[in-house]
Amino acid sequence: MNVNPQSKTEIGICPGCGARIRFQDKVQVGEFVICDECGDELEVVSMSPVKLDWAFEDPFDENFDGNYDDDFDEDLDDDDYDDDDDWED
């Protein structure tokens, strides 16, 4: 007796437009897909359930703590800049 195993259809949701994206074949983390509804380029970021996020050219920094102020020099004051020369009438 031959058993024909049906492949399980995985479904992810586009974060841009909310469209349901069906994967007929086995999908893997890191795989890219284009949303047929809005055209966004998406990346599979997790499985069970399939989670999609926008695909970025630069890898996501997992160590980023959400504090953008660390990227700027705290010793600088607004008084250190002379913006008057930048604007012409």
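The model is predicted, and local features need pLDDT of at least 70, side-chain atom pairs count only at pLDDT 80 or more, and totals for chains, interfaces and linings use all residues. Residues are numbered from 1 along each chain as its sequence is written, and side-chain values use heavy atoms, with hydrogens and water left out.

The protein chain has 0 helices and 5 strands. Helices (H or I, at least four residues) and strands (E, at least two) are DSSP runs, numbered from the N terminus. Along the sequence the pattern reads β-β-β-β-β. Of the 89 residues, 13% count as buried. Buried means under 20% relative accessible area, with exposed over 50% and partly exposed in between (1.4 Å probe, protein chains only). The accessible surface comes to about 8,300 Å², by the Shrake-Rupley method with a 1.4 Å probe. Carbon and sulfur atoms hold 43% of that surface.

Three strands form an open sheet in the order β3-β4-β5, with antiparallel pairing. Two strands pair if DSSP finds at least two bridges between them. The edge strands are β3 (32–34) and β5 (51–54), and each pairs on one side only. From one strand to the next, the twist averages 45°. Axes here are lines fitted to C-alpha atoms, and angles run from 0 to 180 degrees between N-to-C directions.

β4 and β5 pair over 4 bridges in the antiparallel sense. L42 stands opposite W54 in β5. V44 has L52 as its bridge partner in β5. The hairpin of these strands has 4 residues between them. There, S48 takes a positive phi near 50°.

The largest nonpolar core has 11 residues: C14, A19, I21, F23, V27, V33, C35, L42, V44, V50 and L52. Strands β2 (20–23) and β4 (41–46) each supply at least two residues of this core. A nonpolar core is a set of buried Ala, Val, Leu, Ile, Met, Phe, Trp, Tyr and Cys residues joined through side-chain atoms within 4.5 Å. In soluble globular proteins, nonpolar side chains tend to be buried together.

Contact means heavy atoms within 4.5 Å. Leaving aside neighbours within four places in sequence, C14 is in contact with A19, I21, C35, C38, D40, L42 and L52. R22 lies in strand β2. With its neighbours within four places likewise left aside, R22 is in contact with T9, E10 and I11. R22 and V50 are 28 residues apart in sequence and 9.9 Å apart in space, C-alpha to C-alpha.
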